[in-house]
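Please keep the viewer open while you read, and take the points in order.

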Amino acid sequence: MTTPTMGQACCHGATETPSTTDMERELAQELTALRRKLSVAALLTALVMLSSLPHMLGRHSLPFLPAWFTSPWSQLVLTTPVLFWCGREFFSGAWSAFRQHSADMNTLVATGTGIAYLSSILTTVAPDLLRKQGLPADVYYETAAVILSLILLGRLLEARARGQTSEAIRHLLQLQPPSARVIRDGVPVEIPVSLVVVGDHVQVRPGEKVPVDGVVEEGSSWVEESMLTGEPTPVAKAPGDEVIGASMNRSGSFTFRASRVGGDTVLAQIVELVRQAQSSRTRVQRLADQVVGWFVPVVIAIAIAAFVAWFLVSGNPVLAMVFLVSVLVIACPCALGLTTPTSIMVASGKGAENGLIFRSAEALETAGTVRTIVLDKTGTLTRGQPEVTDFERLNGGALPADALLALTAALESRSEHPLAEAIVTYARSQLKDGSMPAVEGFEAVAGRGVQGVVAGQQVRVGTPRWFEELGIDTAALKPLVDRLEAAACSVATVMVDGRIEACFGVADPLKSSSEAAVAALRRLGLQVVMLSGDARRTAEVVAAQVGIERVIAEVRPADKSSVIRKLQEQGEGPVAMVGDGINDAPALAQADVGIAMGTGTDVAIAASDITLISGNLAGVPAAIELSRAAMANIRQNLFFAFAYNVAGIPIAAGLLFPFTGWLLSPVIAGAAMAFSSVSVVSNALRLRRFQPAPLPKAA
């Protein structure tokens with residue numbers, strides 16, 4: 001790993017945030033343009049629909065609508081800006097596809113709306129030409145306008161979902177403090193963090209963030225690294241220990257030597273991992289475009305063939321044009337454009353009712369295909385809040401339990417360590433009298449425990465290892481310590497006046513839903529893996545409690561995304577990752593589906609595809625079930641979208657006309673297209689009845 005020079009560090013600090021700001025500015029401009037175009041299109045389309053109301057009702061006029069308003073010329077004026085201003089991108093996209101000898105959704109949209117528009121202009125300009133041939137002089141302006149408006153709505157929803165990918169990077173960048181206090185010529189100097197170079201000595205005071213990575217040289221403290229590691233317990237830092245940039249100094253002051261700055265810091269590497277994982281994703285929604293790729297040329301070929309055939313047979317160009325327009329109108333992409341958006345919107349709303357927020361249609365599609373699901377331990381399977389689970393007296397105890405708890409709580413109340421907070425909370429819940437004796441000579445021994453004089457007695461609370469270092473025989477503690485550690489507990493031992501009195505077992509309890517949720521995931525046929533930075537013994541104990549057989553432990557934050565990538569490369573994908581900490585953000589982004597707990601950090605949520613608002617793990621199987629239901633619904637919608645069209649195309653082309661005299665006019669073709677759309681929407685609305693399966697009862 002190379003170390004950047006000061007110039008490189010400056011460049012890193014100067015370019016990260018502006019690039020993200022540029023991305024957000026471009027997104028805001030795109031969303032503003034889409035909203036403006038959709039608003040105009042919706043308004044004009046509503047007016048066109050109102051103008052065509054007499055024709056729809058089979059009447060020449062309506063008393064509340066003036067004749068000039070219901071004229072085809074008025075509809076032409078209203079529809080033209082919808083197509084050529086609001087829908088300009090569709091036509092330019094279709095032209096680009098044509099130049100590349102391909103066809104996509106833009107081709108179908110442009111072809112369908114363009115033909116409907118042009119044939120309507122012909123009818124508007126020369127209606128008598130059709131009437132002389134005994135054909136109705138119908139216009140299809142409302143068809144073109146409605147199609148464009150619906151497709152624009154889908155584009156707007158897609159853009160909003162796509163733009164959220166930059167939020168994760170922005171939140172990560174905001175973690176780093178803007179300045180650092182560096183010792184220059186023996187004097188502390190406040191400088192921009194981008195100017196810190198390797199070898200600088202940096203001071204950090206209580207309540208401040210560590211600006212860059214480094215090694216402590218002077219002082220000691222407890223540093224909160226949960227924003228990077230996901231672990232709730234602050235870590236003791238003393239000379240020789242490594243500190244990570246963006247972590248929070250809880251107590252004490254220290255000076256460290258900068259070892260990694262700029263793009264080499266852990267935070268910068270996490271930012272880069274998130275960026276790479278997000279940018280490397282491919283779009284899942286290709287089914288419609290793949291179908292359109294062959295459907296559009298076939299439909300156009302059929303329409304042209306019908307025109308040529310009927311012109312040669314009848315010599316009537318107007319009749320041939322009716323067949324041409326009928327084929328293209330009945331193949332119009334209105335229903336096809338609704339197949340995915342309607343199901344996605346209904347499913348997303350149903351997900352929100354169940355506390356599931358899908359960031360994009362891609363996430364909703366992919367979740368149901370997941371084969372392997374990786375669960376982070378802390379804050380995902382567990383609550384992320386240490387609690388006292390065991391309080392064991394030793395040798396009968398020389399002090400009454402209440403007195404011992406009061407002494408312990410009084411001493412621990414001076415400490416800011418979360419384990420101490422858990423012990424104080426437990427003691428207060430057990431004591432009838434909330435008052436505590438006075439503490440004198442309080443001292444915190446980094447990484448070991450605390451000591452002081454309480455009510456005239458020497459009290460120490462700390463790890464068994466600390467007492468061993470003090471030369472105290474702890475052999476009698478070993479069976480108890482082994483039992484507590486086997487239960488994934490941290491052990492705090494209490495000694496009063498040189499006599500070991502008790503042990504506390506402090507653990508991060510499992511969420512009540514964890515075991516049942518894991519069982520539900522296995523019932524869905526998924527392979528469940530637990531990923532943790534904890535020691536293997538502790539991780540395996542927790543995994544066994546919830547029924548997980550495969551454990552990947554002792555994984556550093558920056559390596560979590562590599563684990564996900566390895567699972568994908570081994571053919572175990574699609575892979576879903578469930579986490580809640582900033583350290584999980586790269587893995588969430590790398591996974592095919594990232595699922596964040598709503599109780600976690602903003603960065604994890606922003607980097608994820610799905611957010612569980614309540615933080616309840618039961619939402620994970622529910623999200624997968626909803627995804628599978630939505631995808632089944634979309635496949636059904638595709639059938640409805642094409643069934644009427646494919647069945648109607650031969651009739652629209654006039655294959656039955658010589659034998660039955662049936663002529664599928666563009667109006668009937670438009671009705672079939674509309675009925676296809678109604679079928680799609682009605683089928684999508686069935687998703688409102690979705691309910692996740694009940695969780696299995698915990699063993």
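1. How many of the five residues of strand β18 (residues 527–531) are buried? Four of the five are, so to speak, under cover: β18 is mostly covered. Buried means under 20% relative accessible area, with a 1.4 Å probe and protein chains only. Strands here are DSSP runs of E of at least two residues, and helices are runs of H or I of at least four, numbered from the N terminus.

2. A word on what you are looking at: this is a predicted model, in which local features need pLDDT of at least 70 and side-chain atom pairs count only at pLDDT 80 or more, while totals for chains, interfaces and linings use all residues. Residues are numbered from 1 along each chain as its sequence is written, and side-chain values use heavy atoms, leaving out hydrogens and water.

3. Now for the partners of β18. Strand β11 (residues 372–376) runs parallel to β18 and is joined to it by five bridges; Leu375 stands opposite Met530 there. Strand β19 (residues 550–552) also pairs with β18 in the parallel sense, over three bridges, and Arg550 in β19 is the bridge partner of Val529. Two strands pair if DSSP finds at least two bridges between them.

4. Leu375 turns up again in the largest nonpolar core, which has 48 residues; Ile373, Leu375, Ile548, Ile610 and Val620 have the most contacts inside it. Such a core is a set of buried Ala, Val, Leu, Ile, Met, Phe, Trp, Tyr and Cys residues joined through side-chain atoms within 4.5 Å. Helix α25 (residues 619–652) gives the largest share of this core, eight residues. Apart from this core lies another, of 26 residues, including Ala41 and Cys86.

5. Leaving aside neighbours within four places in sequence, Ile548 is in contact (heavy atoms within 4.5 Å) with residues including Leu375, Val528, Val529 and Met530.

6. Helix α3 (residues 72–86) deserves a look too. Its end C-alpha atoms are 20 Å apart, which agrees with the 21 Å that its 15 residues should span at 1.5 Å a residue, the expected span being 1.5 Å times one less than the number of residues. α3 bends by about 30 degrees at Thr79, and Pro81 follows within four residues; the bend is the angle between axes fitted to the seven residues ending at a residue and the seven starting there. Among the buried residues of α3 are Thr79 and Cys86.

7. Finally, the whole chain: it has 27 helices and 22 strands, and 51% of its 699 residues count as buried.

Note on methods: Buried means under 20% relative accessible area, exposed over 50%, partly exposed in between (1.4 Å probe, protein chains only).
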